[in-house]
Amino acid sequence: MHSLSGLRLTPAVLAIALALPTPALSQMEGHGQHMPAGALGISMDRMGSGTTWIPEDVSLPSRHFSRGPWSVMLHGFVFAQYNKQSGTRGDSQFGSLNWGMLMASRPLAGGVFQARTMLSLDPWTVTDRGYPLLAQTGETYKGALLYDRQHPHDFWMEVAALYERPITSNLALSLYAGPSGEPALGPVAFMHRVSAMDDPTAPLGHHWQDATHISYGVATVGLFTRRWKLEASAFNGREPDERRFAMDQPRIDSYSARLTANPNKNWSATIGFGYLASPESLHPDEAVHRTVGSLMHGRSFRNGLWSSTLVVGANSHAGERSTSTLLESQVVFGANTVTARAELTGRTGEELALAAVPPDESFRVAALSLGYIRDFARGARMTTGIGARGTIHAMPAGLEPHYGSRSPTGLILFLRVRPVRSVMMEM
């Protein structure tokens, strides 16, 4: 339970604020009153995950209200889905992917202080083993590699604080720290990218691009103007362990740096470099050097928005280098949403747990996904839609005996609930 100058934010209050429909106040998607400005007059709508920036013209759907000096934002998604992945390595599952975020901001000592937390019930709703996703790799289950599945998010996705303060009229300082948070390395985490917000699955290149969005122990310092930001982080490079509802022991053993440029309200670009001391629990003596670049574009129009993202990530470890590339886009127009994602990523025999293949043998896997959502219950505060997402993979010949096809498919049917863009409310 939290208390902000008399405002008591219990789980029940959060649920009511997100869910209570008010049809008479309906707003167009992508429009409404924006979050208050932060340091240098930069809108809080520019904030993505951690300390990332997104194009201001396509802010994330959320609920806003104020109480005294506090400005509060509630943001989250719930997907209830049936997931069917084809082929000899495929599987099916009923489950739910979900997360919720609370951000509370107020003026402090000439700057802006922000407390935030982000939580997920994925370990209950898709189990500790995660959900089926062909060719996906990363993290462990019962001490063994997870493969052809996406691991669940930890319950404590983020518990951190941010403070920003102007130094001059054109330059400001930012400080970000917490026992669970995101270092300055990759692009905006996929759950917070407007180009991916209505896609229920993680990218296949997640562990080459934005997997550090949950790091147990992080501290970041940055300098920024209205158009660029330079940051450096010290953080815990180890991926979360299998105790999904427990907070891992925070530690600092890795470092990173990132440069972000937002030349105008429609574009955002990043380049980041990081040293991860021991990311994999099964290879504790191996360090990883990660390089990630991204380019985001977003534009709002009268009854919707269009957002796209390009991400290229590379991991170097044990004398080997592997890469991943992602291009995704999402268009919202009225009650309709169309999503698309194309990926090309490297995999090894070890990552895919192929017993008859040398562990260092590499494969290139491509995937193309298309999705559509139709909103059928839409109020001023929340929208509910039904959707489908289909994926076709392009596997090399060497993987055909293991997957039963060079073009296995995946299909997800789902119900999606999320906020619509809100006006500011007094409570």
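**Exercise 1. Which strand gives the most to the lining of the largest cavity?**

Solution. The model is predicted: local features need pLDDT of at least 70, side-chain atom pairs count only at pLDDT 80 or more, and totals for chains, interfaces and linings use all residues. Residues are numbered from 1 along each chain as its sequence is written, and side-chain values use heavy atoms, with hydrogens and water left out.

Step 1. On a 1 Å grid over the protein atoms alone, a cavity is a set of points where a 1.4 Å probe fits but cannot get out; a pocket is an open set with protein on both sides within 12 Å along at least five of seven lines; lining residues have an atom within 4 Å of a point. Grid points are joined across faces, edges and corners, and the volume is the space filled by probe spheres set on them.

Step 2. There are seven cavities of 30 Å³ or more, and the largest cavity holds about 170 Å³. Its lining comprises 16 residues, of which W99, H153, F190, M191 and P200 are the closest to the centre.

Step 3. Strands (E, at least two residues) and helices (H or I, at least four) are DSSP runs numbered from the N terminus. Strand 5 gives the most to this lining, with three residues.

Step 4. By class, the lining has 10 nonpolar, four polar and two charged residues. Here Ala, Val, Leu, Ile, Met, Phe, Trp, Tyr, Cys and Pro are nonpolar, Asp, Glu, Lys and Arg are charged, and the others, Gly among them, are polar.

**Exercise 2. Identify the residues that touch the most other members of the largest nonpolar core.**

Solution. Step 1. A nonpolar core is a set of buried Ala, Val, Leu, Ile, Met, Phe, Trp, Tyr and Cys residues joined through side-chain atoms within 4.5 Å. Buried means under 20% relative accessible area, exposed over 50%, and partly exposed in between (1.4 Å probe, protein chains only).

Step 1. The largest core has 41 residues, and W99, M191 and V194 touch the most other members. Strand 5 contributes the largest share of this core, four residues.

Step 2. Contact means heavy atoms within 4.5 Å. Leaving aside residues up to four places away in sequence, W99 touches several residues, among them F77, M118, M157 and M191.

**Exercise 3. Is D199 buried or exposed, and which side chain does a polar contact join to that of D199?**

Solution. Step 1. D199 lies in the loop between strand 10 (172–180) and helix 3. D199 counts as buried because its relative accessibility is 7%.

Step 1. A polar contact is a pair of N or O atoms within 3.5 Å; within protein, one must be able to donate a hydrogen and the other to accept it, and residues adjacent in sequence count only if both atoms are side-chain atoms. The side chains of D199 and R389 are joined by such a contact of 2.7 Å.

Step 2. Not counting residues up to four places away in sequence, D199 touches F79, Q330, R341 and R389.

**Exercise 4. Describe the surroundings of S405.**

Solution. Step 1. S405 is in the loop between helix 4 (400–403) and strand 21. S405 counts as partly exposed because its relative accessibility is 22%.

Step 1. The S405 side chain reaches the backbone nitrogen of S407 at 2.8 Å. Beyond residues up to four places away in sequence, S405 touches M395 and E400.
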